[in-house]
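This report goes through a few features of one protein chain. Look at the sequence and the model before reading on.

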Amino acid sequence: MEPVVLRLAPLEDVDKVDKASRSLMFVISDIGFFLSHRLPLALEAKRQGFRILIAAPEQSDYDILKHYGFSIYPIDLHRRSRNLVKELRCLLSIFWTMRKTNPDVVHLITAKPIFYGGLSARLLGTPTLAALTGMGYAFTHQTSKARALRVAISMLYRAALNQPQVHALFQNCDDLAIATESGFVRRATTSLIGGSGTDLKKITPKPQPVGPPIVLMPCRMLRDKGVVEFVEAARLIRAQGIEAEFRLLGDPDPNNPTSLNEAMLEDWVAEGVVNWHRHTSDMDTALANCNIVALPSYREGFPKTLIDAAAAGRAAVATDVPGCRDAVIEGVTGLLCEVRSAESLANALAPLLVDPVRVRKMGLAARTHAEAHFDIRQVERAHIQIYEDLVKRRV
């Protein structure tokens with residue numbers, strides 16, 4: 001397993017190739033996610049001679065992409081839409097963008113770009129890297145709505161991915177198994193890269209903060225991330241008389257059906273059970289100011305939260321679910337707890353909160369693990385090799 005981050009690099013470092021002979025198009029639904037998880041990869045691809053094209057819905061972050069000399073193409077994509085007319089417009093906008101630009105390779109990130117970009121690439125004969133970063137809401141819930149959505153999504157995945165021009169990339173073995181058993185990738189090439197990695201020179205171990213221990217949960221404020229269980233675990237631990245601060249870090253996501261609203265978050269703050277801070281791109285500082293990182297998520301691809309925590313030398317407590325258990329070595333770099341169980345989360349956190357020596361030891365082991373498995377440069381090399389192989393298929 002290997003691993004990809006953020007930070008605006010100086011232009012002189014990324015403009016070494018002005019006349020790239022090959023073009024690589026990223027089709028994305030959220031520029032913020034691209035900047036935090038895939039920007040270094042795009043910059044490395046540029047250094048390796050690819051002209052970078054970005055197909056994305058119009059957002060304020062366009063200027064950041066233009067800063068790096070990327071070519072931007074607006075597409076009519078709405079993340080939460082279920083309207084058939086809007087979805088058809090999305091498909092057509094991606095198809096015509098790809099037809100007009102004729103990229104040598106397309107890299108599709110998250111579900112809708114994979115569905116519609118994959119169908120478009122199939123019609124146009126364009127080699128494709130499809131990054132399945134997690135199976136999402138339809139595969140983590142058992143409601144009638146989720147089951148119906150799962151059927152539709154499975155059909156779209158088969159249409160988009162089940163072809164020899166596709167290289168499907170997974171972040172954990174469980175997601176790969178689901179895709180294989182469901183017939184999504186029978187004719188495609190598949191491989192595993194464990195997460196997006198991190199820059200080990202930018203996120204580095206710092207001394208543990210002094211005073212009462214701080215437990216940090218950095219993520220989008222979603223029920224599926226386990227935020228409610230985190231808050232309830234904080235209540236349970238405080239009822240035991242253990243002194244600690246529980247800190248949420250991140251924004252709600254109105255495009256996600258499990259997003260929490262700001263009023264609920266503010267109520268928890270007013271109650272005094274947790275502190276809440278909005279998202280920051282300076283994860284090095286955020287992680288330096290905590291002792292333990294918690295992620296009681298219901299399911300992940302391979303969470304960058306835990307990758308960054310390991311790079312910062314912080315012990316982690318996470319749920320024993322796909323993605324999370326791949327990023328934590330039980331009893332060595334952190335602890336695992338039961339999913340959807342505040343009590344299990346509290347039982348895992350409580351002994352660490354009163355044992356700073358063990359927490360520091362786990363943090364040292366986590367950094368060693370990050371250096372061996374989560375270096376962003378490993379991820380970049382793996383992706384560039386896939387791009388090169390796909391270009392050869394087009395020739």
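## Asn102 and its loop

Asn102 sits in the loop that joins helix 5 (84-101) to strand 4 (105-109). The model is a predicted one. In it, the phi angle of Asn102 is near 50 degrees, which is a positive value in a residue other than glycine. The relative accessible area of Asn102 is 47%. Buried requires a value under 20% and exposed a value over 50%, so Asn102 counts as partly exposed.

## Arg340, another positive phi

Arg340 also has a positive phi, of about 60 degrees, although it is not a glycine. This residue belongs to the loop between strand 13 (334-337) and helix 15 (342-353). Its relative accessibility is 44%, so Arg340 is partly exposed.

## Helix 5 against helix 6

Two packed helices are described by the angle between their axes and the distance between the axes. For helix 5 and helix 6 (residues 111-124), the axes come within 9 Å and cross at roughly 50 degrees. The crossing of helix 5 with helix 6 is right-handed.

Which residues of helix 5 and helix 6 meet? On the side of helix 5 they are Glu87, Cys90, Leu91, Ile94, Phe95, Met98 and Arg99. Their partners in helix 6 are Lys112, Tyr116, Gly117, Leu119, Ser120, Ala121, Leu123 and Leu124. By type, the residues of this contact divide into 10 nonpolar, two polar and three charged.

## Ala366 in helix 16

Ala366 is part of helix 16 (residues 356-373). Is Ala366 buried or exposed? Its relative accessibility is 2%, so Ala366 counts as buried.

Leaving aside residues up to four places away in sequence, Ala366 touches Ala310, Arg314 and Thr333. Ser182 is 184 residues from Ala366 along the chain, and the C-alpha atoms of these two residues are separated by 35 Å.

## The chain as a whole

The chain contains 17 helices and 13 strands. Its radius of gyration is 21 Å, close to the 21 Å that the globule rule gives for 395 residues, so the chain is as compact as a globular protein of that length. The C-alpha trace spans about 65 × 50 × 35 Å along its principal axes. Of the 395 residues in the chain, 57% are buried.

Methods
Residues numbered from 1 in each chain as written. Predicted model: local features only at pLDDT ≥ 70, side-chain atom pairs only at ≥ 80, totals over all residues. Heavy atoms only, no water. Helix = DSSP H or I, 4+ residues; strand = E, 2+ residues; numbered from the N terminus. Buried < 20%, exposed > 50% of the residue type's maximum accessible area, 1.4 Å probe, protein only. Axes fitted to C-alpha atoms, helices over the stretch in contact; angles between N-to-C directions. Left-handed = near helix turned anticlockwise from the far one by under 90°. Contact = heavy atoms within 4.5 Å. Nonpolar A, V, L, I, M, F, W, Y, C, P; charged D, E, K, R; others polar. Rg over C-alpha atoms; globule rule 2.2 N^0.38 Å.
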